[in-house]
Amino acid sequence: MIAPVLRRGFHLSAKRSINVGDRLPNVTIQRSSPSDTVNVAELFDQANKAILFGVPGAFTPGCSRTHLPGFINEADRLKRTKHVDLIACVSVNDAFVMKAWSESVGNHDNKIEMLADSKGELAKALDLDFDASGALGGHRLKRFAAIVEHGIIKQLFVEPDKTGLNVSLVENVEKYL
């Protein structure tokens, strides 16, 4: 009897990026502590209209001076006039860092839900991760914003250079609500 030939298989297709029309992935991330977790898909499935935006890192200059404060400053108005149910910020940081950052920029009323992608699993699932080890010590999330309805991405704004402050700012996102 002839033994079967075993061949090692591999997959040639590229990693699939998240696109408009896609559902947010089932990834569990942290809120205010490592024990306070939430499934991203389930959280956004509950919202009629939501904004999810991602930043390369808490406490970084562009994120702290412009990106997060812009959404905090406009949150009440967006919720009232554009009927946005949920606005959330995610970063590849731990929950304690995200909580401290939130407090440091004045998000005391939790107008913005802070989400900690501590292992970078959401960043990878969205294919929005990049190697920022030279500046931030490891893989991080590209700067982006998405308009999400019942867990489905309706608009997606990814900064072309991964970290810039242009298409993902609240001023741009609002035009598409």
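Here is a chat about the predicted model shown above.

Visitor: Hi! What kind of model is this, and how many helices and strands does the chain have?

Guide: Hello! This is a predicted model. The chain has 6 helices and 9 strands.

Visitor: What share of the residues is buried?

Guide: Of the 177 residues in the chain, 49% are buried. As for the surface, the chain exposes about 9,400 Å², and carbon and sulfur atoms supply 49% of that area.

Visitor: And what about contacts between residues at least 6 apart in sequence: what part of them joins residues at least 24 apart?

Guide: That part is 66%.

Visitor: Nice. New topic: how much space is in the largest pocket?

Guide: The largest pocket holds about 240 Å³ of space. It is lined by 14 residues, and the closest to its centre are Ser32, Lys99, Ser102, Asn110 and Met114.

Visitor: Which element gives the most to the lining of the largest pocket?

Guide: That is α3, with 5 residues. Both α3, residues 95-104, and β5, residues 113-116, supply at least two residues of the lining.

Visitor: How does the lining split by class?

Guide: The lining of the largest pocket has 4 nonpolar, 5 polar and 5 charged residues.

Visitor: You mentioned Asn110. Where is that one, and is it buried or exposed?

Guide: Asn110 is in the loop between α3 and β5. Its relative accessibility is 55%, and over 50% counts as exposed, so Asn110 is exposed.

Visitor: What is the phi of Asn110?

Guide: The phi of Asn110 is near 55°, a positive value in a residue other than glycine. For background, most residues other than glycine have a negative phi.

Visitor: Which phi does His150 have?

Guide: His150 also isn't a glycine, and its phi is positive, at about 50°. You'll find His150 in the loop between β8 (144-149) and β9 (152-158). At 40% relative accessibility, His150 counts as partly exposed.

Visitor: Back to the strands. Where is Gln30, and what does its side chain reach?

Guide: Gln30 is in strand β1, which covers residues 28-30. The side chain of Gln30 reaches the backbone nitrogen of Ala95 at 3.3 Å.

Visitor: Why does Gln30 count as buried?

Guide: Its relative accessibility is 14%, and buried means under 20%, so Gln30 falls in that class. Beyond its neighbours within four places in sequence, Gln30 is in contact with residues including Asp36, Asp94, Ala95, Met114 and Ser118. Met114 is also one of the residues closest to the centre of the largest pocket.

Visitor: What does the side chain of Asn39 do?

Guide: The side chain of Asn39 reaches the backbone nitrogen of Ala41 at 2.9 Å. A polar atom of that side chain also lies 3.0 Å from the backbone nitrogen of Glu42.

Visitor: One last stop: where is Ala58, and is it buried or exposed?

Guide: Ala58 is in the loop between β3 (50-55) and α2 (61-81). With 11% relative accessibility, Ala58 counts as buried.

Visitor: What is Ala58 in contact with, leaving aside neighbours within four places in sequence?

Guide: Ala58 is in contact with Ser91, Asn93, Val97, Met98 and Trp101. The C-alpha atoms of Ala58 and Ala116 are separated by 9.9 Å, while the two residues are 58 apart along the chain.

Terms used. Residues numbered from 1 in each chain as written. Predicted model: local features only at pLDDT ≥ 70, side-chain atom pairs only at ≥ 80, totals over all residues. Heavy atoms only, no water. Helix = DSSP H or I, 4+ residues; strand = E, 2+ residues; numbered from the N terminus. Buried < 20%, exposed > 50% of the residue type's maximum accessible area, 1.4 Å probe, protein only. Contact = heavy atoms within 4.5 Å. Areas by Shrake-Rupley, 256 points an atom, 1.4 Å probe, with all protein chains shown as cover. 1 Å grid on protein atoms, 1.4 Å probe; cavity = no way out; pocket = protein on both sides within 12 Å on 5 of 7 lines; lining within 4 Å. Points joined across faces, edges and corners; volume = space filled by probe spheres on them. Nonpolar A, V, L, I, M, F, W, Y, C, P; charged D, E, K, R; others polar. Polar contact = N/O pair within 3.5 Å; in protein donor to acceptor, adjacent residues only side chain to side chain.
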